[in-house]
Amino acid sequence: MGATAAQYLQQLDAGRRPDLPETTAGTLRLDFRGDGCTDHWYLTIGDQHVRATRSADDADLVVSADRTTFDRMANGELHLAQALLSNELAVRGDLRLLTLLRRIFPGPSGARHPRELGRAALAGRAGSAGRAGSTGRGERP
């Protein structure tokens, strides 16, 4: 396993993140449970910037899970939706902000955006249609 979620959040670049919507802003608190205690991370999101600090302050959205779940998400081994649907995460508050968390944590290595897959499939069809028409009447060679 790679870095822990805490290490990932500590190294989180505070620069502009074009993958975040320009008009969305809010606060998230991540509660990492484990070893008989809970670590709190407070994310402030606005103007396509994310700032991570250690705080137990109230937030617009609170996401709780065991430390291992957050570590797997930080390493791209677990997708946020999968963790939510398998009850590995508990959420409370403004669920619209949950999509921001999905964009903050990395996806699985080698993953591609669905649009890229669609474009590749269309390009493959166009290429095969051109090859099929090369015999003159679309007949098999």
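## Strands that pair

Two strands count as paired if DSSP finds at least two bridges between them. In this predicted model, strand 1 and strand 2 (residues 37-46) meet that condition, since they pair in the antiparallel sense over 9 bridges.

## Two aromatic pairs

How many aromatic pairs does a search of the whole structure find? The search finds 2 of them. In one, the rings of Tyr8 and Phe105 have centres 5.6 Å apart and planes at 20 degrees, and the pair is therefore stacked, because planes under 30 degrees apart count as stacked. This pair links distant parts of the chain, as Tyr8 sits in helix 1 (residues 5-10) while Phe105 sits in the loop between helix 4 (98-104) and helix 5 (114-132), 97 residues apart. Tyr8 is partly exposed, with a relative accessible area of 22%, whereas Phe105 is buried, with a relative accessible area of 5%.

The other pair joins Phe32 and Phe70, whose ring centres are 4.3 Å apart and whose planes lie at 20 degrees, so this pair is stacked too. Phe32 belongs to strand 1 (residues 26-34) and Phe70 to helix 2 (residues 67-74), so the pair ties together parts that are 38 residues apart in sequence. Both Phe32 and Phe70 are buried.

## Helix 2 and its surroundings

Phe70 is one of several buried residues in helix 2, the others being Thr69, Asp71, Met73 and Ala74. Which elements do the buried residues of helix 2 pack against? They pack against helix 1, strand 1, strand 4 (61-66) and helix 3 (80-85).

At the start of helix 2, a side-chain oxygen of Asp66 reaches to within 3.0 Å of the backbone nitrogen of Thr68. Just after the helix, Gly76 takes a positive phi of about 75 degrees.

## The largest nonpolar core

The largest nonpolar core has 27 residues, and those that touch the most other members are Leu30, Val63, Phe70, Leu89 and Leu101. Two or more residues come from each of helix 1, strand 1, strand 2, strand 4, helix 2, helix 3 and helix 4, and helix 4 gives the most, with 4 residues.

Leaving aside its neighbours within four places in sequence, Phe70 is in contact with residues including Ala5, Leu30, Phe32, Val63, Leu89 and Phe105. Asp31 is also among the contacts of Phe70.

The side chains of Asp31 and His40 are joined by a polar contact of 2.7 Å. Leaving aside neighbours within four places in sequence, the residues in contact with Asp31 include Thr38, Asp39 and His40, as well as Val62, Val63, Ser64, Ala65 and Phe70.

Definitions and conventions:
Residues are numbered from 1 along each chain as its sequence is written. This is a predicted model: local features need pLDDT of at least 70, side-chain atom pairs count only at pLDDT 80 or more; totals for chains, interfaces and linings use all residues. Side-chain values use heavy atoms; hydrogens and water are left out. Rings of Phe, Tyr and Trp (its six-membered ring) pair if their centres lie within 6.5 Å; planes under 30 degrees apart count as stacked, over 60 as edge-to-face and the rest as tilted. Buried means under 20% relative accessible area, exposed over 50%, partly exposed in between (1.4 Å probe, protein chains only). Contact means heavy atoms within 4.5 Å. A polar contact is a pair of N or O atoms within 3.5 Å; within protein, one must be able to donate a hydrogen and the other to accept it, and residues adjacent in sequence count only if both atoms are side-chain atoms. A nonpolar core is a set of buried Ala, Val, Leu, Ile, Met, Phe, Trp, Tyr and Cys residues joined through side-chain atoms within 4.5 Å.
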